[in-house]
Amino acid sequence: MQKGKFITIDGVEGAGKSTQIDFICNYLDSKGINVILTREPGGTELGEKIRDILLSTDTKSMHADTELLLMFAARNEHINTKIVPALENGDWVLSDRFTDSSYAYQGAGRGLDIERIAQLEKWVLQDFTPDMTLLLDVPVELGMSRVESRGKKDRIELENIEFFNRVRDGYISRSRKFPNRIKLIDSAKNIEHTTEQIKAVLDSL
Ligand SMILES: Nc1ncnc2c1ncn2[C@@H]1O[C@H](COP(=O)(O)OP(=O)(O)O)[C@@H](O)[C@H]1O
Ligand SMILES: [Mg+2]
């Protein structure tokens, strides 16, 4: 029996996920809600090891299906050992990225068949799904310019602009497919403008 709420935040690099996570944690805290912050890929000890394999530039080649399977392997561990137990305990869980990232990056970005991703989702998640997903949307080049100073890019960040444009389009089409769950947030203006939209969504929860 799930008692807490499960919120995920997604979007391309530089969309403002980490920035808004700070706001969301503080806002929920001010309402007396205990929120556990986590991330994907990762979130568990094993999941963080899988993250290293997925994102390290030492990983010279990886078949696209392998990438997808590792994402879902980490996610399986994440859901079963961390997210669901926390929700059952009455805590809220906020995840920096979740399954929508797999549809956007491995599906739209890498070109993997969406139906096969859906089969994996069904296998791993069954009917488990976030209560609310905040999809922060920015033009890819604006997002990239925001994170320019971050230094060394990870294995996936090294992809070209066309890849990330497909990722962004993939996110947008997911939000059209699940308009009740996925809230499309314009994150191209200033931080306060994004925060205001998120606050309105949280209030509705
Ligand atoms: N709406 C916004 N307008 C302008 N700058 C922003 C906005 N959101 C985030 N930033 C800045 O962009 C950079 C990347 O934001 P971050 O939250 O780390 O993005 P993400 O976690 O999605 O990659 C940070 O320097 C942040 O201060
Ligand atoms: Mg971030």
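Guide: A nonpolar core is a set of buried Ala, Val, Leu, Ile, Met, Phe, Trp, Tyr and Cys residues joined through C-beta atoms within 7 Å. The model here is predicted.

Visitor: Which residues touch the most other members of the largest nonpolar core?

Guide: Val 93, Leu 94, Leu 134, Leu 136 and Val 167 do, in a core of 31 residues. Elements giving two or more residues to this core include β1 (6-10), β3 (92-96), β4 (132-137) and α7 (161-177). Another core lies apart from it, with seven residues, among them Ile 50 and Leu 68.

Visitor: What is Val 93 in contact with, leaving aside its neighbours within four places in sequence?

Guide: Its contacts are Gly 4, Phe 6, Ile 36, Thr 38, Ile 83, Ala 86 and Leu 87.

Visitor: How should I read the buried residues of α7?

Guide: An α-helix has 3.6 residues a turn, so residues three or four places apart point the same way. In α7, the buried residues are Phe 164, Val 167, Arg 168, Gly 170, Tyr 171 and Arg 174. Seen down the helix axis, the buried residues of α7 fall within an arc of 155°, so they line one face. These buried residues pack against β1, α4, β4, α6 (140-146) and β5. The face turned away from the buried side carries the exposed residues Ile 161, Glu 162, Arg 176 and Lys 177.

Visitor: Which residues come nearest to ligand 1?

Guide: Of the 14 residues around ligand 1, Gly 16, Lys 17, Ser 18, Thr 19 and Arg 146 come nearest. α1 gives the most to this shell, with three residues. By class, the shell has three nonpolar, eight polar and three charged residues.

Note on methods. Residues numbered from 1 in each chain as written. Chains lettered and ligands numbered in written order. Predicted model: local features only at pLDDT ≥ 70, side-chain atom pairs only at ≥ 80, totals over all residues. Near = placed C-beta within 6 Å. Helix = DSSP H or I, 4+ residues; strand = E, 2+ residues; numbered from the N terminus. Nonpolar A, V, L, I, M, F, W, Y, C, P; charged D, E, K, R; others polar. Buried ≥ 20, exposed ≤ 12 C-beta atoms within 10 Å, placed from the backbone. Contact = placed C-beta atoms within 7 Å. Arc of directions from axis to C-beta.
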